[in-house]
Amino acid sequence: MTKKLLLTQTILMYLAQAPFYVAFILLESSEIDVSYIFLGGIIASIVVSIFCFVCSIIYLARMRKDEPNVYKHVMIHKLIQVPFYVVNYVISFLVIGGLFNPFLMIAIPFVIALLMSNTYLYTFTTSLPNIIYLVRSMIKEKKANALSIILAILHFVFVADVVSSIIVFARENKKLSQ
């Protein structure tokens, strides 16, 4: 189930950016009003955010169920999502740059907070299966491993979550091969 949710979440994250791509391409054409396309992108982002929030609730509800190789799927999806976050960063700067107008400057803090919280929600919900896996493995071993604690904390930090998921994958593969 986690694999399907991660895949769906990754696809929806990329699809939510599509209206922004279209809007920025059509922006040069003065004949087309792109404000509705931007609005579509914002609505798509909100829908994907709600889906991500629901996914996190599902992950937490299924916390007691043991899923094999969940760390492998999380790492793969984290690596697949790297271009998404790069483009997300660029789109965020373009949107914020478009607000440098005396009448729109007041909206900049709100837009920055909205963009950051949306991006963090995406990061957190894709990291949650790994965090649950690390916590569950510490509970099974009945001891807190310092590396597991550090890796779980790194999943809350943007960019470090990708590195942490790679380390979890490498560590668990090493355990399985022994």
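Beyond its neighbours within four places in sequence, Ser-49 is in contact (heavy atoms within 4.5 Å) with Asn-118, Leu-121 and Tyr-122. Ser-49 sits in helix H2. Its relative accessibility is 12%, so Ser-49 counts as buried (under 20% relative accessible area, 1.4 Å probe, protein chains only).

This is a predicted model: local features need pLDDT of at least 70, side-chain atom pairs count only at pLDDT 80 or more, and totals for chains, interfaces and linings use all residues. Residues are numbered from 1 along each chain as its sequence is written, and side-chain values use heavy atoms, without hydrogens and water.

Helices are DSSP runs (H or I, at least four residues), numbered from the N terminus. H4 (residues 82-98) packs with H5 (residues 108-141) at about 170°, axes 10 Å apart. Axes are lines fitted to C-alpha atoms over the stretch in contact, and angles run from 0 to 180 degrees between N-to-C directions. H4 is therefore roughly antiparallel to H5 (over 145 degrees).

| Helix | Residues in the H4 and H5 contact |
|---|---|
| H4 | Phe-84, Tyr-85, Asn-88, Ser-92, Val-95, Ile-96 |
| H5 | Ile-108, Val-111, Ile-112, Leu-115, Thr-119, Tyr-122, Thr-123, Thr-126 |

Helix H1 covers residues 2-26. A kink of about 25° lies at Ala-18, shortly before Pro-19. The bend is the angle between axes fitted to the seven residues ending there and the seven starting there. Buried residues of H1 include Leu-5, Met-13, Pro-19 and Phe-20. The buried residues of H1 pack against H2, H3, H4 and H5.

Terms used: Helices (H or I, at least four residues) and strands (E, at least two) are DSSP runs, numbered from the N terminus. Angles under 35 degrees count as roughly parallel, over 145 as roughly antiparallel, 65 to 115 as roughly perpendicular and the rest as oblique. The expected span of a helix is 1.5 Å times one less than its number of residues. Buried means under 20% relative accessible area, exposed over 50%, partly exposed in between (1.4 Å probe, protein chains only).
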